[in-house]
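Dear colleague,

Please find the structure below, followed by an account of what was found in it.

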Amino acid sequence: MTPQRVTPLLELRGLTRSYGSLTAVDSVDLALAPGERHALIGPNGAGKSTLFATVAGTLRASGGSVLLSGQDVTSLPEGERARRGMVRTYQHSSLFLDCSVLDNVALAVQRVHRVAHRCDRAARRFRHIDTEARRHLDSVGLLGRAQDMAAALSHGERRQLEVAMVLATEPALVMFDEPTAGMSAAETERFVALMERLPERLTVLIVEHDLDVVFRLAERVTVLHLGKVLASGPPEAIRADEAVQRAYLGSARTEDLFAEAGGER
Amino acid sequence: MNIKAVKAMRGGTHVPSGTTPVSEPLDGDSACDSGSGSERRSGGHESGTGDSAKGPGRRRAVVAVAVVALLAAAPVVLAPYPVSAMSRMLAFAVLVLSVDLLTGVTGLPALGQAAYFGAGAYTAVLIGIHITSDALVQTLAGLVMGLVAAAVTGWVAVRASGIVFLMLTLAIGESVHQVADTWQAVGASNGLAGMPPITLFGGPPLLAAGFVHWWVLAVAVAVFAAVALVVRSPYGRTLRGIRDNEARMRALGYRPALARYGVFCLAGAVAGAGGALWAQQARFFSPGDMGFEVAALALLSVVIGGPGSLWGPCLGAALVLLVRDNLSASIGGHGPLVLGAVFIAVVFLMPRGLAGLTGARLRGLIAARGARLRKENAS
C-alpha cells in the first residue's frame, strides 16, 4: 500500500501521551505517504483526540517522536509546526467571528506571503492577498459570502470556511478533527464532496466518527483502541478485520470490552 | 457596526486618510463589539465592494475635512481659554488613540499608557528647558521616548493577555508614576515648570494659544492618520485576529506575542507624542498628569467612544475632558459622578459606544422620526 522507499510525509514513532497514570496514547507507530488520505477511527475513549492533538502539537508528547518529512518536530510548538506545513482544524470551528469571511482567509494568506506585519499600506492595496483569499473561498464555495461576518455563517459553512483557511496556509499535511460532527446529512454530503476535491498532493489525516465518510474518503484506515493501534490498512481489510469488528464495529460481546478495559488499568 | 462604515472600509475609493481625524471608520468589523464583550455581531451584510463604497466614503471625507476645518478655525472665533481647552483635548485624544490601539483593536485592556504619556511629556519639557524650543524636535523626542519606554517595559506585559495584561500595565503605570513622583531630576512631586514657549522652524516663540492649537491639531491629525493606516493594514488585520481568537492565530502559524509587542511599542510611541503635545500646550508637567486617574480616564474614553473605532474614542476623549475640566466646576465638583453615570449609560445603552451611533442606526432613527412626523401631519 504505502510506497516503502519514499520518506513518509508524517511519521509517528512510538508516540505516547499519558495523563498521570493513564496512558491515553500508547506507543503509536504510523506512517503517511505524501498525498495519502488516512483516517483514524476507534471507539469513544480510544485516544483519537489525544493522538490528534499530540501530533498537531497542541499537546506535548510524553514519549516517542513526530516526524514531518523526516524532520523531528516533536519539540516544536503548534505554530512552528503550522509554519512547516502541518495544520489542523478544530472539532468546534475556531474562527475569527468578528471579522469578515474574507478576512478570516486573508489572515492565513498574509501569513504565508509574509505581509502580516506590514503597516505601510491599507490591506486592500495588497491585491495578491485579496485575490488569493478569494480563490480559496471560491474553492470551498463560499465566495458569495466573502463580505459577511464569520459569525453569520451556519455550522456547515463554518466548516467550509475552516477548510478554506487551512488550504490558504499552503499546507503539506492537513489534519481534520471530526469535521462532519454535528452536520446535517446534506451538509455532510457537501463536505465530503469538498474533501474529495482537495488537491491530490495534499496529505490528509482525518479523525472521524461517521464510518460512511471514512470509507468513502480514506485510502488507509488506522483503528485505535485503548490508546494502541489495533489495525491499519486499506478500508476493505479493516472492514473485514475480526479484531476491529470485535472492538469497534459492534459484534463484540460487551463482557469482552469490559474485561479488556479492566485489564489495561 | 453600521453598514456604511463596513462598506466604506472594504470598498474602493478612500478618503485621503492623511487628513482626517474623523474619517477613519477603523474598519467595520473591528469596530465592533469589544465594548460589551457579550455582544456578538452577526449581521453586517453588504454586497458590493467597489462602487457602492464611493458614496459613504466621499461623505465621510467631507465630514472629516469639515471637522478639521472647524477645529482649525476655533482660534479665530473663540477666546484663548476655550482654545487651549481644545488643544488639551486633542493631546489627550492622542493618548486615547494609543489606548484604543491596544484595547479596541488588539483586545488588550491597558491601564499603563499614562506612563508612556508621561515619559514623552517629561522628555519634551526637559528638551524645552535645556536644549531647544523647537516643537518638532520635542515631539519627535517624546515619541521616541514613549517608544523606547514601551519597548523596555512591554516585553513582560505582552506575554499575558486579558486581566493579567491589565494588571501588568497597571503595575507599570504605577511604578513609573512613583519614579516621577520621587525623582528630583524631574521635579519630583512638584513637576517641571518653566518650559519656554515652543517655536517652529526657528521662528518666533508661539505665545498665542491659537498658534499652539494649530500645532497640536496638526500633530494630532498626523498621528490619527498614521494609526488609521496601521489599523487598515495587514498588520491591523493581524491584531484583530489576535483580539478575536488568539489560539487560532497560533494554529495558523502566527506568533501572537510578537505582534502584541509590536503594537505595544507603537502605542507607546503614540502615547509619547501625546505627552509631548500635552506638555507643549501646558508648558508644565507634573506626576498628577500621568497618574492612575489619567490612565483610567483614557480607558474610559475608549469605552465611551467605542473600542476599535478611531474617531469614537477621540470624541470620548473630548467628552471626558470636558466633564472633568470644564463642567465639573459648574456642577459643584461632581464631574466624576457625571462621568460614572455616562459610563454606565454607555455600557447599557450603547454597547458600541459613540461610534455605534452613526450611519445606519442614526439614519434609521431619523427615518423613523420623519415617518412619525409625517404620520402626525397626515392625521
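How many residues does the contact take from chain B, and how many from chain A? This is a predicted model, in which local features need pLDDT of at least 70 and side-chain atom pairs count only at pLDDT 80 or more, while totals for chains, interfaces and linings use all residues. Residues are numbered from 1 along each chain as its sequence is written, and chains are lettered from A and ligands numbered from 1 in the order in which they are written.

The contact takes 34 residues from chain B and 36 residues from chain A (two residues are in contact if their C-beta atoms, placed from the backbone, lie within 7 Å). On the side of chain B that touches chain A, two or more residues come from each of α8 (209–232), α9 (234–244) and α10 (246–251) of chain B; α9(B) gives the most, with 8 residues. Helices (H or I, at least four residues) and strands (E, at least two) are DSSP runs, numbered from the N terminus.

Chain A holds an open sheet of 4 strands in the order β2-β1-β4-β5, with antiparallel pairing; two strands pair if DSSP finds at least two bridges between them. Because β2 (22–32) and β5 (71–72) of chain A stand at the edges with a single partner strand each, one side of each is left without a neighbour in the sheet.

β1(A) and β2(A) pair over 7 bridges, with A:E11 opposite A:A31 in β2(A). In β4(A), the bridge partner of A:E11 is A:L67, and 5 bridges join β1(A) to β4(A). A further 2 bridges join β4(A) to β5(A), where A:L68 stands opposite A:Q71.

With kind regards
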